[in-house]
Amino acid sequence: MLSFIVGVGMLTVLVLWQGIEGLSAIFQQAGYRIWWIPVFYALPLGCATVSWHYLLMGDRPPSWRFKLYATWIGLGVNWLLPVAQIGGELARARLLIKRQYAIGPAIASVVGDKTLQVATQALYTLTGLVLLAATRTQNILGRGALISVLVMGFVTVMFYRLQRGGLFQRFAQVAQRFVSATSGEAIDAIALQVDQALQQLYDARRRLAIALALRSLYRLVMAGEVWLALWILGYPVSWVDAMILESLGQGVRSAAFAVPGGLGAQEGGFILIGAALGLPPQVSLALSLCKRFRELTLGVPGLIAWQIEEGRHLLPWGKRRDR
């Protein structure tokens, strides 16, 4: 709650600092074209869905419609709720399990997908730093890029190694101390299924490589959203500058994972990065608000669909396989 209040406060201060009238003028210039931003998101949404598809290792894969639906809901949860950027993965796993998908592969698929998200974000942020260093202030940002790649690389490698070393069984050993013997055995059995499914997932090198490539494509396509938004706002930039803004902006938001939706952090990051690229602060703030507009227009319906889903499964006639 405190982080949410701080985030809202930061966002409010930035909006007041830049001036509501100036921001309104920018959005008035954009007009109805701003609706192209959520429409454009169909491309990255498709990349995310297909990437997750290659990580689903069960014998009965869910339908494409369901995978798109669950990805949409997961994104809405992560965008709009205070869940430290992992609630969406929990929601996807829950939706899979409700549809009688095996628990081990269900949880392993979203854990593996989250691992790829972290890895590709680290590489994407590093790419943005290198591009910015090469085109603007090479020496300072070169050192920053080295520090960033070491930190993010270490986190990614350690997360992967923990998974390979039976991460969930270790969690189960801790959990067994606080539950009954029967519950402890059930937890241990589930943990074993998840760890085995993770080993199977990471041993499927071809599927993993395809999923990694699609997650990387997702990052690149998201630069198109920045390019489109700035063009709509009347401040077109090059594709390289769009990649720098998106990669570093998402890096800042990821670093502020404790703040719901990266409120304030994303906006401040875009203002600083935009300044390095010669963008007026008002435009950089408007760019961030364009992203917020897309998150609201797509995320709110996703959350509503999720609540309907949860309510339907509480009813006797709602408990059916909907694959």
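This is a predicted model: local features need pLDDT of at least 70, side-chain atom pairs count only at pLDDT 80 or more; totals for chains, interfaces and linings use all residues.
Biologist: Which residues of helix 13 are buried?

Modeller: They are Ala265, Gln266, Glu267, Gly269, Phe270, Ile271, Ile273 and Gly274.

Biologist: And what comes just after helix 13?

Modeller: Gly278 follows, with a positive phi of about 85°.

Biologist: Let us step back. How many helices and strands are there in the protein?

Modeller: The protein has 14 helices and 0 strands. Of its 323 residues, 49% count as buried.

Biologist: What share of the contacts joins residues 24 or more positions apart?

Modeller: Among contacts with a separation of 6 or more, such residues account for 74%.

Biologist: And the surface: how much of it belongs to carbon and sulfur atoms?

Modeller: The accessible surface comes to about 15700 Å², and 70% of that belongs to carbon and sulfur atoms.

Biologist: Now for helix 6 and helix 14. At what angle do their axes cross?

Modeller: The axes of helix 6 and helix 14 (residues 281-312) cross at roughly 35° and come within 12 Å. The crossing is left-handed. Helix 6 makes the contact through Ala91, Arg94, Leu95 and Lys98, and helix 14 through Trp306, Glu309 and Glu310.

Biologist: Where is Gln100 found?

Modeller: Gln100 sits in the loop between helix 6 (87-98) and helix 7. Most residues other than glycine have a negative phi. Gln100, which is not a glycine, has a positive phi of about 65°.

Biologist: Is Gln100 buried, exposed or partly exposed?

Modeller: Gln100 is partly exposed, because its relative accessible area is 43%, between the limits of 20% and 50%.

Biologist: Moving into helix 7, why does Thr115 count as buried?

Modeller: Thr115, which is found in helix 7 (residues 103-135), has a relative accessible area of 5% and is therefore buried, since buried means under 20%.

Biologist: Which residues is Thr115 in contact with, leaving aside its neighbours within four places in sequence?

Modeller: Thr115 is in contact with Phe159, Gln163 and Tyr202.

Biologist: With which side chain does that of Thr115 make a polar contact?

Modeller: The partner is the side chain of Tyr202, at 3.4 Å.

Key:
Residues are numbered from 1 along each chain as its sequence is written. Side-chain values use heavy atoms; hydrogens and water are left out. Helices (H or I, at least four residues) and strands (E, at least two) are DSSP runs, numbered from the N terminus. Buried means under 20% relative accessible area, exposed over 50%, partly exposed in between (1.4 Å probe, protein chains only). A polar contact is a pair of N or O atoms within 3.5 Å; within protein, one must be able to donate a hydrogen and the other to accept it, and residues adjacent in sequence count only if both atoms are side-chain atoms. Contact means heavy atoms within 4.5 Å. Accessible areas come from the Shrake-Rupley method with a 1.4 Å probe; for residues, only the protein chains shown count as cover. Axes are lines fitted to C-alpha atoms, for helices over the stretch in contact, and angles run from 0 to 180 degrees between N-to-C directions. A crossing is left-handed if the near helix is turned anticlockwise from the far one by less than a right angle, and right-handed if clockwise.
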